[in-house]
Amino acid sequence: MARRGRTGWKDFDWPLLAAALVLALLGILEIYSSQPQEDYWRRQLFWVLLGLIAMVVTARIEYHRLVEAAPIFYGACLLLLVLVLLVGQEVYGTKAWIGVRGFGIQPSELAKVATILILAPFLAARWEEHRRGKNPYLTMREIAAAALLVLLPVGLILLQPDVGTALTFFPILVGMLFIAELRPRFIVAGVVSAAVVMSLGWHFRHEVLKPYQVQRLETLIHPERADRRGFGYQTYQSMIAVGSGGVTGRGLFRGTQSRLRFLPKAYTDFIASVVAEELGLVGIFIVLTLYLFILMRAINHAKLARDQLGALLITGVVSLLAFHTVMNLGMVVGLMPIIGIPLPLMSYGGSSVLATFIGLGLIANVRLHRYVN
């Protein structure tokens with residue numbers, strides 16, 4: 001039976017699109033400001049335009065139909081992750097990109113969306129089964145099956161090796177499992193297990209991590225011991241950029257840390273440092289407000305979703321965006337280790353921008369089809 005309801009353009013989530021567009025355009029401006037002699041801003045503009053198209057298309061196709069195609073999308077992403085290990089481009093020791101006509105595609109970014117799409121119907125079906133029975137909680141077998149769907153792409157990404165990107169999949173899993181009804185004792189066990197794993201990981205850090213990863217963590221815990229000409233250099237320069245911005249900043253296109261190249265690769269993971277230096281505390285406050293607006297609006301859509309599937313889809317996207325934003329901004333001010341996580345919509349990177357807009361399209365989709373039956 002055909003689904004009918006209010007799905008016109010009038011009901012499209014224009015405020016969500018506007019907030020995302022402002023962040024993306026500010027990102028392009030700051031990419032240009034940090035690297036005016038390069039054409040990174042033009043490439044970013046291309047990906048933003050492509051992302052806008054992807055967001056609108058994703059929002060218009062009813063989300064039950066989208067998840068029907070999830071196994072194909074998920075399988076294609078796994079194949080791309082295998083392919084990137086065989087023929088991918090190696091950049092800074094990580095083989096994560098496949099080159100297409102001068103443009104690099106990072107399959108791991110698209111795999112995040114694919115994982116949300118494959119997890120949501122699985123957990124929604126389990127929730128429906130439990131709702132009909134007496135036990136509303138997920139079983140250990142179901143949790144293990146959901147974890148396996150996440151660990152498949154994570155394992156392939158760790159082989160690249162890209163630990164930072166691999167970590168971004170776990171907030172997706174935790175957030176969606178929580179919404180799908182976790183037994184309270186499982187939550188306690190998960191928190192205790194995470195604490196034990198982190199403690200053991202720290203104790204055996206020299207055995208399980210590479211030397212540069214150990215130094216980044218030790219720089220975080222003991223910043224006074226950081227080698228400001230070595231592994232602590234980028235964090236130190238980023239903190240100078242943030243501090244020198246003051247309340248209102250030096251002015252757009254007047255940042256010295258990035259334009260004089262004291263801060264390496266500022267246009268990628270440290271684009272927030274450029275914003276802080278050029279637009280100051282006011283600029284960062286506006287950026288934070290826009291991210292908070294997007295996240296809170298998405299959470300509200302999840303509450304109003306017509307079924308568990310819609311709520312789970314939004315939860316996956318919100319968990320991913322929130323983790324990216326908190327981790328990236330924490331890296332910029334030295335509160336988090338540098339693990340190569342981009343700031344959504346603003347950092348230079350086509351695959352990240354495209355995947356983020358698709359995720360926002362899923363949020364808009366659930367809202368747009370909330371009255372469809």
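Me: Where do E109 and K112 lie, and how many residues apart are they?
Reply: Both E109 and K112 belong to helix α5 (residues 107–132), where 3 residues, about one turn of the helix, separate them; helices here are DSSP runs (H or I, at least four residues), numbered from the N terminus. The model is predicted, so local features need pLDDT of at least 70 and side-chain atom pairs count only at pLDDT 80 or more, while totals for chains, interfaces and linings use all residues. Residues are numbered from 1 along each chain as its sequence is written, and side-chain values use heavy atoms, with hydrogens and water left out.

Me: What makes E109 and K112 a salt bridge?
Reply: The term requires a side-chain nitrogen of Lys or Arg within 4 Å of a carboxyl oxygen of Asp or Glu; the closest N and O atoms of E109 and K112 are 3.1 Å apart, so the pair qualifies.

Me: What does the salt bridge of R250 with E277 tie together?
Reply: The closest N and O atoms of R250 and E277 are 3.1 Å apart. R250 lies in the loop between α12 (233–245) and α13 (256–259) and E277 in helix α14 (residues 271–304), so the pair ties together parts 27 residues apart in sequence.

Methods:
Helix = DSSP H or I, 4+ residues; strand = E, 2+ residues; numbered from the N terminus.
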